Amino acid sequence: MKSTIWLSYDLGVNGDYEGMYSWLDSHDARECGSSVAFLKYAHDGDLATALKEDIRAAVSLDKRSRIYVIHDHKGRYLFGRRKSAPWEGFGSNGDDEEDAGDVA
């Protein structure tokens, strides 16, 4: 089966980008911005399981490595997890409400 996917990867400062780039190149991935790639991935069985095994065999990952896949309008982390966004706190989020209480 072939699945159309987007991968977002953050391997950290000392990450194995050479291994990741080699893996992406061998799968004819297209660049889609900083650390984002588009590709058609051939696999048997579950997509996430196949991707994890394939990437883990080609790329040295550590606890800071994060790889996110988007497929069929859904996304999930293959490695790592979500962290605080750098834009948090820049927008208005309704915190301008008045606090009620006795002020003496």
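Modeller: Helices (H or I, at least four residues) and strands (E, at least two) are DSSP runs, numbered from the N terminus. This is a predicted model, where local features need pLDDT of at least 70, side-chain atom pairs count only at pLDDT 80 or more, and totals for chains, interfaces and linings use all residues. Residues are numbered from 1 along each chain as its sequence is written, and side-chain values use heavy atoms, with hydrogens and water left out.

Biologist: OK, how many helices and strands does the protein chain have?

Modeller: The protein chain has two helices and five strands, and from the N terminus on they follow the order β-α-β-β-α-β-β.

Biologist: Where does D28 sit?

Modeller: D28 is in the loop between α1 (17–26) and β2 (30–31), and D28 has a positive phi of about 55 degrees although it is not a glycine. Most residues other than glycine have a negative phi.

Biologist: And is D28 buried or exposed?

Modeller: D28 counts as exposed because its relative accessibility is 63%, where exposed means over 50% relative accessible area, buried under 20% and partly exposed in between, with a 1.4 Å probe and protein chains only.

Biologist: What about D72, which loop is that in?

Modeller: D72 belongs to the loop between β4 and β5 (74–79). D72 has a positive phi of about 55 degrees without being a glycine, and with a relative accessible area of 55%, D72 is exposed.

Biologist: Switching topic, why does S65 count as buried?

Modeller: S65 counts as buried because its relative accessibility is 3%. S65 lies in the loop between α2 (47–58) and β4 (66–71). Leaving aside residues up to four places away in sequence, S65 touches D10, L11, F79 and G80, where a contact means heavy atoms within 4.5 Å.

Biologist: Which backbone nitrogen lies 3.0 Å from a polar atom of the S65 side chain?

Modeller: That is the backbone nitrogen of D62.

Technical notes
Polar contact = N/O pair within 3.5 Å; in protein donor to acceptor, adjacent residues only side chain to side chain.
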